[in-house]
Amino acid sequence: MAEAHSAVAFSFAITHEGVHVNYDREVLHVIWHSGVRTWRRGIRRFINNIRCGVFPASLSSLALTVGGYNAMYLSRDLYGTKFDISLGLVDILKKHVKLEEPAKGVVCCTVSAFAVWCGVFIFMRYTLRLLFMYKGWMYEERGSGRKMSLTSRVWIVALKSLTWFSRPMLYSYQGALPRLPLPALKDTMDRYLRSVRPLMDDENYVRMEKLAQDFQTGIGKKLQRYLVLKSWWASNYVTDWWEEFVYLRGRSPIMVNSNFYGTDAILLHPTQIQAARAANVTHAAFLFRRLIDNQQLKPIMAQNLVPLCSYQYDRTFNTTRIPGIQTDKIVHFSDSTHIAVYHAGRFFKMPCYYKGRLLNPKELQIQFERILADESVPEKGEANLGALTAGERKPWAEARTKFFSKGINRLSLAAIEKAAFVVVLEEEEYDYCENKASQLDRFGRAMLHGKGYDRWYDKSFNVIIMKNGR
């Protein structure tokens, strides 16, 4: 794998003259800035998790509640009014706090205000969840001259009254989303029979009805109880099983069978310089990752009212699929400051940060130009390495254990799998002409599977840049 020279931060040698210590100042700078970046991300993530956890309330409302509570309670003693905003709670707490006044009153007021704020927040959260369970808005008529039902109008007013004063972050609604409802066993079997009826003749359908009845009165009851128990503690009782059994346990190739592709705007061509296009797309992708990390993206809202789950954003970057003998697994790394670049049969580890700063497009373009100008020959087997991720999963898992468990192969594979994403620099030009549909077909095939070995299908996504900047 072609990559930058490895460096050692510390080295020492013991001789008859004593101990000689050598260190690389540049590597120490990299380690220092990496640690600072990790701490900043951790603190920011902790604060954001708190802000999302208290939604639709806010931390500013907590401060206002505590401040207002203390002011109103203390003004009672100052002006001699009889109204007690805590309804006697502060006086009860004072009996158990061994402090002198006025510290005792402030502490008790703060605790009382926090308890009230928590009660209001929990009430708002579960009220919001109940409102999201309403599905009548889906069936309302739309268009000019159409009138919405009174129930839906009241629902909209109630929904907006709970959220108008809070600015949602990317994961703010996660705790307020309703759980996936668990259907009754009879309803499940009825829907199953309706779905298979058009596929069977009368004789086979009667046989299937008997099998469904046996299942419903037999093992189905026990399995249904397991589902009920799981639905109590899981927000979606089917997500993890669906991901594992529908996707990760499949042993067939994920190339074509599982992956998909997208293209840029085919009628626009901002530049024909491959390195410039790769640099701009890479820079934009890292800016998008920053928005996800900081939760500055708005949740996707249906009809600008009902939020969709934002969980999948979390694994867009720094994510890879690890092959296994019986089942694969998804591994997400908390952070990555480099990308993996494939060009002319070689893999490059390309850093995109320097001293904690994201490189600008011009700096990234210089690195891509160096990769394009590199005339080194691929190492043995390197050019076709991506074919392992395109084939059957079991052989890839066996090869990974046998050939990539130690040495330079292990380090090289880790550099690819821990990358934020993969960039593929194609050696051919692809274009689009309105009068030649075959050009777009050729472009689509290159995006979907390429040559079968020049993509890394285990990564969450590959960015493919053609020679002419497409």
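The model is predicted, so local features need pLDDT of at least 70 and side-chain atom pairs count only at pLDDT 80 or more, whereas totals for chains, interfaces and linings use all residues. Residues are numbered from 1 along each chain as its sequence is written, and side-chain values use heavy atoms, with hydrogens and water left out.

The backbone comes first. F55 and P56 are joined by a cis peptide bond with an omega of about 10°. P56 is placed in the loop between α1 (25-53) and α2 (59-79). Here helices (H or I, at least four residues) and strands (E, at least two) are DSSP runs, numbered from the N terminus.

Two residues have a backbone angle to note. Q303 is not a glycine, yet its phi is positive, about 55°; Q303 is found in the loop between β3 (301-302) and β4 (306-307). K355, also a residue other than glycine, has a positive phi near 55°, and its place is in the loop between β9 (353-354) and β10 (357-358). Relative accessible area is described as buried under 20%, exposed over 50% and partly exposed in between, with a 1.4 Å probe and protein chains only. Q303 counts as partly exposed because its relative accessibility is 49%, and K355 counts as partly exposed because its value is 42%.

The aromatic rings come next. Rings of Phe, Tyr and Trp (its six-membered ring) pair if their centres lie within 6.5 Å; planes under 30 degrees apart count as stacked, over 60 as edge-to-face and the rest as tilted. The whole structure holds 18 aromatic pairs. One of them is the tilted pair of F286 and F421, with 5.6 Å centre to centre and 45° between the planes. This pair links distant parts of the chain, 135 residues apart: F286 belongs to helix α10 (residues 274-293), and F421 to the loop between α14 (407-417) and β11 (422-425). F286 counts as buried because its relative accessibility is 0%, and F421 counts as buried at 0%.

F347 and W456 form an edge-to-face pair, 5.7 Å centre to centre with 85° between the planes. F347 lies in strand β8 (residues 346-351) and W456 in the loop between α15 (437-448) and β12 (462-465), so the pair ties together parts 109 residues apart in sequence. Both F347 and W456 are buried. Ring pairs also link F286, F288, F317, Y353, F421 and F461 into a cluster.
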